[in-house]
Protein chains: 2
Amino acid sequence: MIDTNALQTYSLFGGVLPEQIEKMRPFFGYFQYQAGDTPMIEGAPNDKIFFITSGRVEISKHGIPIAEVAEGETFGEMELIDVMPSIATVTALEPLEVVTISNAALYKISKSEPKAFALMIMNLARDLSRRLRRMDELAAK
Amino acid sequence: MIDTNALQTYSLFGGVLPEQIEKMRPFFGYFQYQAGDTPMIEGAPNDKIFFITSGRVEISKHGIPIAEVAEGETFGEMELIDVMPSIATVTALEPLEVVTISNAALYKISKSEPKAFALMIMNLARDLSRRLRRMDELAAK
């Protein structure tokens, strides 16, 4: 079940009104995974952002765990806007529920909710910019 | 002088129609610098993207040159969407002409040209995503 009120708290929806999110509901996907499932595999194509609504995942690269991400957080932002091989593997550490937006769904949102779309892309770009800064700071250490 | 046809070739304007760029003209800035001038200083506030329309600059961090960028390329993308201290210093290597879009101008564009705005932000997010991938590949080596 997709709880649009809960989605409002994710950074991608910053500034987007609850009624706008509600209108996007037909464009969302909803998936459940078991512990050990891999919704994203490094090097394999992915075209979705995943909003974790319940559960916890491990992010790994080259088989090495690099982070854990949980309810209230997202993964797949980069693949959403730039359909390319996934940058990391994501493994469910426990039963996992996610809401997704695919690249094709995002395109439909851009047509039906252009204002909300612009806000979402702006939020996404800000998030990517912050990550670049963080990597940059790490690289400088 | 701002040549809107030339601007169309920059990745930020990918998919934006020439007539839409023409309508944005009042929101653009235009600056000229001399060799040795520093349009962007690491750690100092910046709120603009710079389109180099003539000339060449050096990008440096902590006083160390890391790249050169020339006509047809941009700098300041990250600062445009996330007004924060500049991530690097940019020094003109020769007489430099730039067209700029400030954060405030971008806001005006979002109001007057929402479709073009959405495309521009999408292009920007893609560019940041590619840079993240590149840094990520370098970090993995």
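Predicted model: local features only at pLDDT ≥ 70, side-chain atom pairs only at ≥ 80, totals over all residues.

Residues are numbered from 1 along each chain as its sequence is written, while chains are lettered from A and ligands numbered from 1 in the order in which they are written.

Me: How many helices and strands does chain A have?
Reply: Helices (H or I, at least four residues) and strands (E, at least two) are DSSP runs, numbered from the N terminus. Along the sequence, chain A reads α-α-β-β-β-β-β-β-α-β-β-β-α-α. The count for chain A is 5 helices and 9 strands.

Me: What radius of gyration does chain A have?
Reply: The radius is taken over C-alpha atoms, and the globule rule is 2.2 Å times the number of residues to the power 0.38. For 141 residues, a compact globule would have a value near 14 Å, and the value for chain A agrees with this: 15 Å.

Me: In what order do the strands of the open sheet of chain A lie?
Reply: Two strands pair if DSSP finds at least two bridges between them. Strand 1 (29-33) and strand 6 (74-75) of chain A each pair on one side only, as edge strands. Strand 1 is joined to strand 9 (residues 96-102) by 5 bridges, and Phe31(A) stands opposite Val98(A) there. The pairing in this sheet of 4 strands is antiparallel, and the order is 1-9-3-6.

Me: Which residue in the turn between strand 4 and strand 5 of chain A has a positive phi?
Reply: Strand 4 (residues 56-61) and strand 5 of chain A run antiparallel and are joined by 6 bridges. Lys61(A) stands opposite Ile64(A). The two strands form a hairpin with 2 residues between them, and the turn residue with a phi of about 50° is His62(A).

Me: How many buried residues does strand 5 of chain A have?
Reply: A residue is buried if 20 or more other C-beta atoms, placed from the backbone, lie within 10 Å of its own, exposed if 12 or fewer, and partly exposed in between. Over chain A, buried residues make up 35% of the 141 residues. Strand 5 (residues 64-70) has 7 residues and is hardly covered, with a buried count of 0.

Me: Is Leu93(A) buried or partly exposed?
Reply: Leu93(A) lies in the loop between strand 8 (89-92) and strand 9 of chain A. Leaving out residues up to four places away in sequence, Leu93(A) touches Ala35(A), Arg56(A), Val57(A) and Glu58(A), where contact requires C-beta atoms, placed from the backbone, within 7 Å. Because Leu93(A) has 14 other C-beta atoms within 10 Å, this residue is partly exposed.

Me: Which helix supplies the largest share of the side of chain A that touches chain B?
Reply: The contact takes 25 residues from chain A and 25 residues from chain B. Helix 3 (77-81) and helix 5 (114-140) of chain A each supply at least two residues of that side of chain A. The largest share, 18 residues, comes from helix 5 of chain A.

Me: What relation superposes chain A on chain B?
Reply: Copies are superposed by least squares on the C-alpha atoms of residues with pLDDT of at least 70 in both. The superposition takes a rotation of 180° with 0.0 Å of shift along its axis, at an RMSD of 0.0 Å. That is the relation of a two-fold axis.

Key:
Contact = placed C-beta atoms within 7 Å.
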